[in-house]
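Have the viewer ready and follow along.

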Amino acid sequence: AISFMIIGFCTGICAGFSIPISQSFGARDHVQLRRYIANSIWISIIFAIFVTLLVCSLTGTILHAMNTQEDIYQYAYDYIFIVFAGIPATILYNLTSCIIRAFGDSRTPVWFLLLSSVLNIVLDLLSIVYFGMGVEGAAYATVFSQLVSGVLCAIYMYRHFEIIRCSREELKPSRHHIKRLLYMGIPMGIQYTITAIGSVILQTAVNGLGYMSVAAVTAGGKVRTFFCTPYDALGSTIATFAGQNVGAGRMDRVKKGVISSALIGSIYSILGLLIMIIFGAPLSLLFLDEAEAGIIEMTKYYMVIDAAFGIPLTFVNVFRFAMQGMGYSGRAIFAGVLEMIGRGAVAFFLIPIFGFPAACFAAPAAWILADLFLVPACFGCIKKLSQTP
């Protein structure tokens, strides 16, 4: 939850920076495109330094505020501190991959990420099993692997897209471009953070339920993260798609793209639910021991409930990112606030009464609450831009 709160902010601002870039690319305004890329790099360097120093200094305070149990506190601190120290690598990968996707190339960043993932696995095994470095080894492996993928994306981007090669004048910081980038990037970063704050509140409440609940939510969350990647991909895709078509003045394609993405996500949600119902218990064994029968049953329950609300999650990602791609990042923040309220309400009022089952419905409650705003707001944005010359 802590990692998502901070790393999500970094991911969000980079995704926001790519929106003016994709709009300039769609409009074929290469001068503006280069100015946005150059200024996004300057801003990213400043953010990387500031955020890293801030969160590394507050790691212990955050863990204590979350009621982290003493027997796992040091492990949690060692791991998350190293991950936070690697924030510059996170920003490097996210910025370069988002820029490449803004040009319509969504495959290359995946190949580099795949290479990074394989490298991460190998380094995990070496650092933990062979060198006995424990959680620190896992953290170092994560940071180094992401750094490799970020460097590869940067090299590829420079070599394959000549339109990004800036003149000395284009490299200079520009108040106008920085203002526009911050207007798009900060709301997206804040949105991730606000959503994550709800997750942190929920995790704090779950920590008070004891070891079995913590283990079930942790194991279920890992499987859920894997199955949720298509939702994240749909969000990133529609943001870039909407940005390019807004730049090209094709609002009809934006509307069709939103509807198509929602349909794709809904079909996947039904398949995902069937997989969780049939294979939920075996999947939980990836992270749990067979002897922990009670925790396995709780984990499956958590995953099935979560998967049953895949369609609301689809709508959250598609409609929110479409609004951001169209340039309405500020409005999307309100959806993050609603998600935080949903998770917080369950954590404060329902978990103390109903315990673990209530925790399973926290995320679905957050998604449904956000959708009540996002769906009409997104179509309202499309209509407004369609009527704008």
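Leu92 counts as partly exposed, at 28% relative accessibility; buried means under 20% relative accessible area, exposed over 50%, and partly exposed in between, with a 1.4 Å probe and protein chains only. Leu92 sits in helix H4, where helices (H or I, at least four residues) and strands (E, at least two) are DSSP runs numbered from the N terminus. Leaving aside residues up to four places away in sequence, Leu92 touches Leu147, Gly150 and Val151, contact being heavy atoms within 4.5 Å. Between Leu92 and Leu147 there are 7.4 Å from C-alpha to C-alpha, and 55 residues in sequence.

## How the model is read

This is a predicted model, in which local features need pLDDT of at least 70 and side-chain atom pairs count only at pLDDT 80 or more, while totals for chains, interfaces and linings use all residues. Residues are numbered from 1 along each chain as its sequence is written, and side-chain values use heavy atoms, with hydrogens and water left out.

## H4 against H6

H4 and H6 pack with their axes 8 Å apart, at an angle of about 35°; axes are lines fitted to C-alpha atoms, for helices over the stretch in contact, and angles run from 0 to 180 degrees between N-to-C directions. H4 passes H6 in a left-handed crossing, a term used if the near helix is turned anticlockwise from the far one by less than a right angle, with right-handed used if clockwise.

On the H4 side, the contact residues include Ala89, Leu92, Tyr93, Ile99 and Ile100, and on the H6 side they include Val143, Leu147, Gly150, Val151 and Met157. By class, the contact of H4 with H6 has 12 nonpolar, seven polar and no charged residues. Here Ala, Val, Leu, Ile, Met, Phe, Trp, Tyr, Cys and Pro count as nonpolar, Asp, Glu, Lys and Arg as charged, and the others, Gly among them, as polar.

## Two nonpolar cores

Which residues touch the most other members of the largest nonpolar core? They are Ile21, Val51, Phe84, Ile87 and Phe103, out of 46 residues. Such a core is a set of buried Ala, Val, Leu, Ile, Met, Phe, Trp, Tyr and Cys residues joined through side-chain atoms within 4.5 Å. Two or more residues each come from helix H1 (2–26), helix H2 (30–65), helix H3 (70–85), helix H4 (87–102), helix H6 (134–160) and helix H8 (175–207). H2 gives the largest share of this core, with 11 residues.

Val51 touches Ile6, Phe9, Cys10 and Ile87, not counting residues up to four places away in sequence. Apart from this core lies another, of 34 residues, with Val254, Val316, Tyr328 and Ala335 among them.

## H13 against H14

Val316 and Ala335 turn up again where H13 meets H14. Helix H13 (residues 310–325) packs on H14 at an angle of about 150°, with axes 7 Å apart. H13 is therefore roughly antiparallel to H14: angles over 145 degrees count as roughly antiparallel, under 35 as roughly parallel, 65 to 115 as roughly perpendicular and the rest as oblique. H13 passes H14 in a left-handed crossing. The residues of this contact divide into four nonpolar, three polar and three charged.

Arg343 is in helix H14 (residues 329–354). Arg343 is buried, with a relative accessible area of 6%. Its contacts, not counting residues up to four places away in sequence, are Thr195, Gly198, Ser199, Ala362, Ala363, Ala366 and Trp367.

Asp371 lies in helix H16 (residues 362–386). Asp371 also counts as buried, at 10% relative accessibility. Beyond residues up to four places away in sequence, Asp371 touches Pro312, Phe315, Val316 and Pro376.

The axes of H1 and helix H10 (residues 229–248) come within 6 Å and cross at roughly 45°, so the two helices are oblique to each other. H1 passes H10 in a right-handed crossing.

Arg28 is in the loop between H1 and H2, and counts as exposed at 72% relative accessibility. Its phi is near 60°, a positive value in a residue other than glycine. Most residues other than glycine have a negative phi.
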